[in-house]
Amino acid sequence: MSERIVVVGAVLLDDGRLLAARRSAPVELAGRWELPGGKVEPGETADAALVRELREELGVDAEAGGRVPGEWPLKPPYVLQVWTARLRPGSAAPEPLEDHDELRWLGPGEIWDVDWLAQDVPAVRETLAHLGHPAARGGEASGA
Ligand SMILES: Nc1nc2c([nH]c(=O)n2[C@H]2C[C@H](O)[C@@H](COP(=O)(O)OP(=O)(O)OP(=O)(O)O)O2)c(=O)[nH]1
């Protein structure tokens with residue numbers, strides 16, 4: 001039996017724009033875009049991990065919304081789960097403090113403009129479809 005480690009990714013939406021973060025490390029992932037988040041630690045709940053990671057990585061005061069149904073396999077033993085999140089009133093604006101070197105709020109027509117990590121393409125597409133977001137269609141053929 002192999003252990004599973006959950007990575008939580010946050011869907012932070014602001015007026016229809018999705019926050020994407022460009023990884024700065026490790027070298028094999030640097031330059032690729034992801035949902036901000038990280039690994040759930042032993043004994044930690046997924047929503048608490050999400051809030052902690054967003055504070056550490058982006059310097060924001062966020063709260064978890066709900067988990068998006070589904071799970072996307074990453075390199076074993078990791079699996080990606082996605083949660084909606086929102087900034088609490090008075091939160092600082094997100095900044096790339098740790099693990100990232102750039103952030104972008106992607107409008108509906110821009111979601112597929114960035115080079116997402118491979119597993120994030122289905123995760124983002126299915127998440128946006130679940131949320132009824134206008135950019136849900138796309139991500140397969142890309143480039144268009
Ligand atoms: N955070 C995040 N990680 C992702 C996504 N997609 C994806 O393949 N990954 C991978 C990248 C990493 O190998 C792993 C998560 O590691 P991490 O470095 O973000 O987690 P962490 O902050 O807890 O890391 P650590 O330095 O404390 O070990 O999952 C995604 O959308 N968000």
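Author: Gladly! A136 sits in the segment after α2; helices here are DSSP runs of H or I with at least four residues, strands are runs of E with at least two, and both are numbered from the N terminus. This is a predicted model, where local features need pLDDT of at least 70, side-chain atom pairs count only at pLDDT 80 or more, and totals for chains, interfaces and linings use all residues. Residues are numbered from 1 along each chain as its sequence is written.

Reader: Why is A136 called partly exposed?

Author: A residue is buried if 20 or more other C-beta atoms lie within 10 Å of its own, exposed if 12 or fewer, and partly exposed in between, with C-beta atoms placed from the backbone. A136 has 17 such atoms within 10 Å, so the term partly exposed applies.

Reader: Which residues does A136 touch, not counting residues up to four places away in sequence?

Author: They are R125, L128 and A129. Contact means that the C-beta atoms, placed from the backbone, lie within 7 Å. A136 also has I111 at 8.9 Å in space, C-alpha to C-alpha, though the two are 25 residues apart in sequence.

Reader: How do you know that the span of helix α2 agrees with what it should be?

Author: The expected span is 1.5 Å times one less than the number of residues. Helix α2 (residues 120–131) has twelve residues and should span 16 Å; its end C-alpha atoms are 16 Å apart, so the two agree. Just after α2, G132 takes a positive phi of about 70°.

Reader: Which residues of α2 are buried, and what covers them?

Author: The buried ones are D120, A123, V124, R125, T127 and L128. Their cover includes β1, β3 (33–34), β6 (72–73) and β7.

Reader: What makes a residue part of the shell around the ligand, and how many are there?

Author: A residue counts as near if its C-beta atom, placed from the backbone, lies within 6 Å of the molecule. Here 16 residues surround the ligand, and the closest are G9, E34, L35, G38 and K39. β1 (5–14), β4 (37–39) and β7 (78–87) each supply at least two residues of that shell, and β4 gives the most, with three.

Reader: How confident is the predictor in this protein?

Author: pLDDT is the predictor's confidence in each residue, from 0 to 100. The mean pLDDT of the protein is 94, and 93% of its residues reach 70 or more. The model also scores ipTM 0.93 and pTM 0.93.

Conventions:
Contact = placed C-beta atoms within 7 Å.
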